[in-house]
Structures are given as structure tokens and as C-alpha cells.
Amino acid sequence: MGKVKNRWLIAASAVGIHLSIGSVYSWSVFTNPLNEDHGWGLTEISLTFSIAIFFLGLSAAFMGHFVEKHGPRKAGIIASIFFGIGLIGAGFANSIGSLYLLYFFYGAMGGIGLGIGYITPVSSLVKWFPDRRGLATGLAIMGFGFASLIASPIIARLINSIGISNTFYLLGTVYFFVMILSSLYLAPPPKGWLPAGMKEGQGGKETKKADLSELTANEAVKTVRFWALWFMLFINVTCGIAIISVASPMAQDIAGLSAAAAATMVGIMGLFNGFGRIGWASISDYIGRPNVYTAFFVIQIVAFMLLPNLTNAILFQITVFIILSCYGGGFASIPAYIGDLFGTKQLGAIHGYILTAWAAAGLVGPIVASNIREATNSYSLTLYIFTAAFVVALVISMLVRVNIRKVREANELTAGKMRKA
């Protein structure tokens, strides 16, 4: 069979890819320099980020089958090329002052690299860590959440010292090589492989719990369970990304934070976003994915209901941090949830389809938050609407449990008939 790769190095390679593409969350660092150099409006510059997230969702959906068919190594190399060209092309677009080329390179090309890179390691990680699915995917996706904490200060210093275009060129080159090197180590485990102490039916310490079903992506989208996951992720991301988009002005408006204090809060939010990914995903290995998602929604119903009335600065910030941990945890727990419900046959493709919820939420959340704020001159109505949305999500999370129980009972009945036959 040959030498089996180290699964923890596989996980480290996944983190390398996600730390690279997660730098997209540092886009706002470019906003003021681009505005000062070219006079482009803030909305025009922000549209670059929206395009990138939109293409992330589209490419994840369309390329999921490619990842499953050709493997994570080839997919990772393609992601490296697209993301590298996107950043280097953005430098060229800046040098000639073309906003539309910036949209094309950073938004479209970079966004395609984002989407492929995001889903590339996940399917393999779930297969390498059947005993710790949540932990494994949480580690990788944590890298995506933490990336901006690392990249933002570096990008700001680079812009000041070498200029915007050279910053894009340098980032594109560095991230390209980090992603390529990480991709080259990625590979699915050998067929039938299980980690030490987890030998099914052989008296090991643990026994691999059977997945609810083993479906292809096209079979999965025809199930109630798929759309339940889609809408739960959509609601969780819509409300979370809306909070991220207005966190600073909302903190100043409701809790009376100064601009500097609100900026500090935004930075700390990134920590909770990152830690929420690894924390909640790891917890899901012990209490189960359905319980984790139900917990997300119960916690956030209370948090969003309280938020408009929290004038105490400390309590306000603690509540926002809790929301951000649930936001990050939703991303990290979904791949393991997919594996539990649909198996690992085409997990990458199913994950890609589910991530279209992220693309949709990235457009809906900030628009809803900003439009209602402008119409009412208050954030209260937005937060109460999101509270109602989480009530809907909670109901969905309970209904999917009923569906899971029915499918499991049907599976046991079928297995019983086969044994008797």
C-alpha cells in the first residue's frame, strides 16, 4: 500500500491554503489607499469584495465535482493559480487606474481561487479524521477566520512602504507559493484506511459510526436534509455578516463606544470568529452536529433580542463576541454535518452546493442592515428581524432532527430485513 501520509500534516496543509485565501477579509485595508489614489467611491471599492464572495460561492458550487473527481492536489493547484493571478492582476489594475480590471482580477479571478481553495481540503480532511471530523474541518476553516488578523497589519505596513501595486504583487507571489506547497501534500487516504484504534468490527478502542446515508451531490440536493442545512447556514451567515458589516457604527450608536473603542472591538471580533470555528466544531464531535446548530440558534435568539437594549459597553461587546463565535462555528461545523448526513462519497461537491448560501447571504445581510438603518435611523428593527429569522432557523433545526430519526429508523428496518433474509 505504500507509506501513508501523516494526517496532521494534511491538516496543516489545509490551514496553509485557508490562511492564504482568508486574507480576502483584509480587503478593507485597501479601501482608503485606493480612494486616495484614484478617487473611487467607497461603495465602488467595497463592490470588489462583494464580487469576490459571490464568485467564491459560484465556483465552490460548480467545482465541487472537480475536486471529487480529480483530487485535492489538482484542485489546490488550480486554486493557487487563480488566486495568485487575481492578486497580481489587481496590482496591474491599480497601476493603470482601472476599477473594472480590479473587479475582474481580484473579484472574479481571485473569487474563483477562493471558492476552489475553500472546498479543496475539506473533503479529504473529513476522510482522514473520521474520529474527529469537527476538529479537523474546524482547524482548516479556523485558518480562514484568523487570516485577516495576520494579514491586515502586514498589508497596511506594505502599502505604506512599497505602495499598493507592489503590495498586491508581493502578496500574490507569496500566497501562490504557500498554496502550491500546501496543495502538493494534499491527498485522500488510501481506500479502507482508518486511524489507529478505530478499526470497525476488529475490537478497536472506537468503532466508526455509520453515516446516515451515502449519497452523490445530485441525490443529496433532492433531500429535505440538504435544504435544511442550506437555510440554516443562510440565516446564520446573513445575520452574522450583517453584524460584521455595521459593527463599528452600531457599537457607537447603541452602546456609546468611541470610534477607537469600536475599532478595537472589531479587531477582537476576528478572534472570536476564529476561535468559534475550532471551538464549536470540536464541541460538535462530542455533542453532535444537530445539538450544536440548535445551540447556535437558541443563543442567538437571546443575543439579538437583547442587543438593541444593551447600553452597557462591556455587555454589548460580550454579546457581539458570542454572536461572532456562532457565526464562525456555523462555517466550521457544516462540512462535518454534511459527512454525517450524506457520507463522504461526494462531500466536496455537496459542500460546494451548500456554500451558495454564503454567496446569497453575503449580498442579503449587509443590504438589509444598511437599508433598514437608513430608513428607520436605528438598528433595533434590523436586530429584531434577525431574531425572528433565528426562530425560523431553530424550527428548521428541530425538524431536521425528525427527518434524521425517520431515515435512521428506515435504515435499521431495511438492515433488519436483510439480516433475516
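In this predicted model, helix α2 meets helix α6 through Phe 30, Pro 33, Leu 34 and Asp 37 on the α2 side and Ile 164, Thr 167, Phe 168 and Leu 171 on the α6 side. Helix α2 covers residues 28-38 and helix α6 covers residues 164-185. Two packed helices are described by the angle between their axes and the distance between the axes. For α2 and α6 the angle is about 140° and the axes are 11 Å apart. The two helices are therefore oblique to each other, because an angle has to be over 145 degrees to count as roughly antiparallel.

On α3 the contact is made by Gly 57, Ala 60, Ala 61, Gly 64, His 65 and Glu 68, and on α12 by Leu 347, Gly 348, Ala 349, Gly 352 and Tyr 353.

Helix α3 also holds Leu 56 and Phe 54. Phe 54, at 35%, counts as partly exposed. The residues that Leu 56 touches, leaving out those up to four places away in sequence, are Gly 111, Leu 114, Gly 115, Phe 144 and Trp 358. Gly 107 is 51 residues from Leu 56 in sequence, yet the two C-alpha atoms are 9.2 Å apart in space.

Phe 54 belongs to a nonpolar surface patch of about 520 Å², together with Leu 58, Phe 62, Leu 363, Val 364 and Ile 367. At least two residues of this patch come from α3 (42-96), and at least two come from α13 (356-376).

The whole structure contains six salt bridges. Three of them are listed here.

| Residue pair | N to O distance |
|---|---|
| Arg 133 and Asp 211 | 2.9 Å |
| Arg 133 and Asp 340 | 2.9 Å |
| Arg 289 and Asp 285 | 2.9 Å |

Arg 133 forms a salt bridge with Asp 211. Arg 133 lies in helix α5 (residues 133-162) and Asp 211 in the loop between α6 and α7 (217-220), so this pair ties together parts that are 78 residues apart in sequence. Both Arg 133 and Asp 211 are buried.

Arg 133 also forms a salt bridge with Asp 340. Asp 340 is in helix α11 (residues 313-342) and Arg 133 is in helix α5, so here the parts tied together are 207 residues apart in sequence. How buried is Arg 133? The relative accessible area of Arg 133 is 5%, and a residue counts as buried when this value is under 20%.

Arg 289 is buried, with a relative accessible area of 7%. Asp 285, at 26% relative accessibility, counts as partly exposed. Salt bridges that share partners join Arg 133, Asp 211, Asp 285, Arg 289 and Asp 340 into one network.

Notes. Residues are numbered from 1 along each chain as its sequence is written. This is a predicted model: local features need pLDDT of at least 70, side-chain atom pairs count only at pLDDT 80 or more; totals for chains, interfaces and linings use all residues. Side-chain values use heavy atoms; hydrogens and water are left out. Patches are made of residues with over 30% relative accessible area and no salt bridge: like charges are joined within 9 Å, nonpolar side chains (Val, Leu, Ile, Met, Phe, Trp, Tyr) within 5 Å. Accessible areas come from the Shrake-Rupley method with a 1.4 Å probe; for residues, only the protein chains shown count as cover. A salt bridge is a side-chain nitrogen of Lys or Arg within 4 Å of a carboxyl oxygen of Asp or Glu. Helices (H or I, at least four residues) and strands (E, at least two) are DSSP runs, numbered from the N terminus. Buried means under 20% relative accessible area, exposed over 50%, partly exposed in between (1.4 Å probe, protein chains only). Axes are lines fitted to C-alpha atoms, for helices over the stretch in contact, and angles run from 0 to 180 degrees between N-to-C directions. Angles under 35 degrees count as roughly parallel, over 145 as roughly antiparallel, 65 to 115 as roughly perpendicular and the rest as oblique. Contact means heavy atoms within 4.5 Å.
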